[in-house]
Amino acid sequence: MSSTSQVQVKTTTQRIQITPARRRGPLVMAGLWVFLIISTIASIGIGQVEIEPDQIITILLDEIHVASPTITIGDFNLPADYTTVQKGTVTIIRLPRVILGLMVGAALAAAGTLIQGMFRNPLADPGLIGISGGAAFSAALMIVLGNTVFSGLSDLLNQFGIRPVPIAAFLGGIITTFLIYRLATVNGRTSVPTMLLAGIAINSLAGAGIGLLISFADDNQVRDITFWNLGSLVDVTWERVETTAPFILISILPMLFLSRQLNALLLGETEAQHLGVNVQRTKQAVVLLSALAVGASVSAAGIIGFVGLVVPHLVRLMVGPDHRYVIPGSLLLGAGLLVTADLAARNLTGGSEILLGVVTALIGAPFFLYLLLRDRQRGALI
Amino acid sequence: MSIEAKDLTVKVNRNTILVNQVSLTIHPGEILAVVGPNGAGKSTLLRAITGDIKVDSGSVWMDGQPLEQWKLGERAKVRAVLSQTSVLSFAFTVLEVVLMGRGPHLNGSAETKRDYAIAYEALAAAEVEHLAERYFTTLSGGEKQRVQLARVLAQIWETPPNNGNRYLFMDEPTNNLDLTHQHRALQIARQLANQQVGVMVILHDLNLAAQYADRIMIMHRGEEVITGNPCQVLTPQYIEPVFNIPIIVTQHPTLNRPLIVSTA
């Protein structure tokens, strides 16, 4: 009788192992925090005006009117003396730049993680859902036609103290993403492969549009467009930090609560649904949050490539693909790497700065190729 | 209390009907096997009953409530579905994959020791304990299938606190499996049924269905041919026209079950 064939459940005698993510996660997170803090301090300290870590801490504490504790470890003395030039360099020039860099890096990397999770494809990046293409095109549109066709609009925006190009980039990115999302949604279900294809089509359309605009543009405008397309943190002001911060913070905080949904989604959409995940709502959240995060980043700093693609990979190499660690890890590593890349962009050449997007691509692309070659045998990129 | 599907119809368009007016009941404590040739509509029927695809007409009730009124999270605590395909391409370890089956029970917090213990029991039941630390992406097709089985087992391992029913759907669970593990998968289904889990399983092998199922439904061209216990259903009268192959039904040498032999 079949009812006699009982399943013998063997009692587990071996020591129960926890998952690699659980085992390594806390240590990796601590390491990433240390990297973030070191790269932040280095970014504030290194440049034409040198500022020591103890001076940075003293300046920051004085700024918020907190008395510095007295600590002496070798050359590190709190409170430290500093000059007004050093103080000005920190509070007016470097701090806003570094803070914006941290936010942009965190936003790009976390959005990359979400997009890769939703597409179940480690080669996806935020650009795939049209944010960067749409943003670059509308930025170019405003750069080239802002004084002629759209002069009324840009005058109006300027009156309200809104710079026309960043807002055009932000809205352009969001609108394009929404368009792609609508294109791929039929009867309330979003087809991820259709989104991918629509994204590719819209991106090349945006590229063609930018090419067209360039043929009408003068030399300065072409230069501005190039700046946008390669990203830069030159001349970041507190005002730009203040206008960008709300969008980035509002978008990255909810990302931390999508880990379980994204993990389940990696098993497949039906499987995720069977595990109790509202798949459609998760996809909406991913698209909305990444569009906001990347849109705000692009509008503040132009298109900075490779951060959204490479950072999630680096974090997965360290903790595996569990989003409960990959999302916070990407936020930390993205922030740290972006300010480090900006540090390099500022200081590698003596005179003028290299564009930030050039640095991230110069480091990111070869590294990515290395990952591809290394993982060819394993059959899967993690 | 059971899962009841009433007059389910699924169409691609007006002329192509995948499932036509099929009704069935999945009772707790029994295995219902659905058999039929390729393209008979078995998987479509399963996906309609699990709510994965929209039906053109008909309804599905689970424990007295229409399926669509169940919250996704609540449904996932008592009902698991093992599908045929596996798209996971990220390098999770086997243990991590099986722990995902505990997801519906976590309410957003981390897995407890109990969840780990259940995951290991499920791994042991599916005989993939030794693969716990391996990357899922590096496994063979059959090993992947067994890990997915362990994942759905972990999902409905425990009786719900309110002593409610549990259900398991399996779409060709024996695919890619060797003989031992084909039987293993169905023995697990049998054991769950003995614990009052209602199981619906799609099978290709009529003899496996004969050996393990309490009731069998034969499907052909989107329609129910007959449903009944193995001895009633697995006869040349029903099998030969549907599968278009001559057969002899005899008795299994040791089990009180029919045995189907092809004479083609």
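Predicted model: local features only at pLDDT ≥ 70, side-chain atom pairs only at ≥ 80, totals over all residues.

Biologist: Which residues of H8(A) are buried?

Modeller: A:Gln221, A:Ile225 and A:Trp228. Buried means under 20% relative accessible area, exposed means over 50%, and partly exposed is in between (1.4 Å probe, protein chains only). Looking down the axis of H8(A), the buried residues fall within an arc of 60°, so they line one face of the helix. That arc is taken from the directions from the helix axis to the C-beta atoms.

Biologist: Why would residues three or four places apart point the same way?

Modeller: An α-helix has 3.6 residues a turn, so residues at that spacing point the same way.

Biologist: And what's on the face turned away from the buried side of H8(A)?

Modeller: The exposed residues A:Asp219, A:Asn220 and A:Arg223 sit there. On the buried side, the cover includes helices H4 (131-145), H6 (164-184), H7 (192-216) and H12 (279-301) of chain A.

Biologist: What caps the N-terminal end of H8(A)?

Modeller: A:Asp218 does, with a side-chain oxygen 3.1 Å from the backbone nitrogen of A:Asn220. Just after H8(A), A:Gly231 has a positive phi of about 75°.

Biologist: Switching to the interface. How many residues of chain A are in contact with chain B?

Modeller: 48 residues of chain A are in contact with 51 of chain B, where contact means heavy atoms within 4.5 Å. The two chains bury about 4,300 Å² between them, 57% of it on carbon and sulfur atoms. Buried area is the accessible area (1.4 Å probe) that two parts lose on being put together, summed over both.

Biologist: How many salt bridges between chain A and chain B?

Modeller: Two, counting a side-chain nitrogen of Lys or Arg within 4 Å of a carboxyl oxygen of Asp or Glu. A:Arg324 forms a salt bridge with B:Glu111, the closest N and O atoms being 3.1 Å apart. On the chain A side, the elements giving two or more residues that touch chain B are helices H1 (20-45), H10 (259-266) and H11 (269-274).

Biologist: What does A:His274 touch?

Modeller: Leaving aside neighbours within four places in sequence, A:His274 is in contact with B:Thr50, B:Asp52, B:Ala76, B:Arg79, B:Val81 and B:Gln155. A:His274 is in helix H11 of chain A and counts as buried at 3% relative accessibility.

Biologist: How many salt bridges over all chains?

Modeller: The count comes to 15. A:Arg97 and A:Glu353 form one, with closest N and O atoms 2.9 Å apart. A:Arg97 lies in helix H3 (residues 84-119) and A:Glu353 in the loop between H14 (323-347) and H15 (356-375) of chain A, so the pair ties together parts 256 residues apart in sequence.

Biologist: Is A:Arg97 buried or exposed?

Modeller: A:Arg97 is buried, with a relative accessible area of 7%, whereas A:Glu353 is partly exposed at 30%. A:Arg97 and A:Glu353 are also linked with A:Asp342 and A:Arg346 in a network of salt bridges.

Biologist: What about A:Lys283, what does that pair with?

Modeller: A:Glu269, in a salt bridge with the closest N and O atoms 3.0 Å apart. A:Glu269 is in helix H11 and A:Lys283 in helix H12 of chain A, 14 residues apart. A:Lys283 is buried at 2% relative accessible area, and A:Glu269 is partly exposed at 26%.

Key:
Residues numbered from 1 in each chain as written. Chains lettered and ligands numbered in written order. Heavy atoms only, no water. Helix = DSSP H or I, 4+ residues; strand = E, 2+ residues; numbered from the N terminus. Polar contact = N/O pair within 3.5 Å; in protein donor to acceptor, adjacent residues only side chain to side chain.
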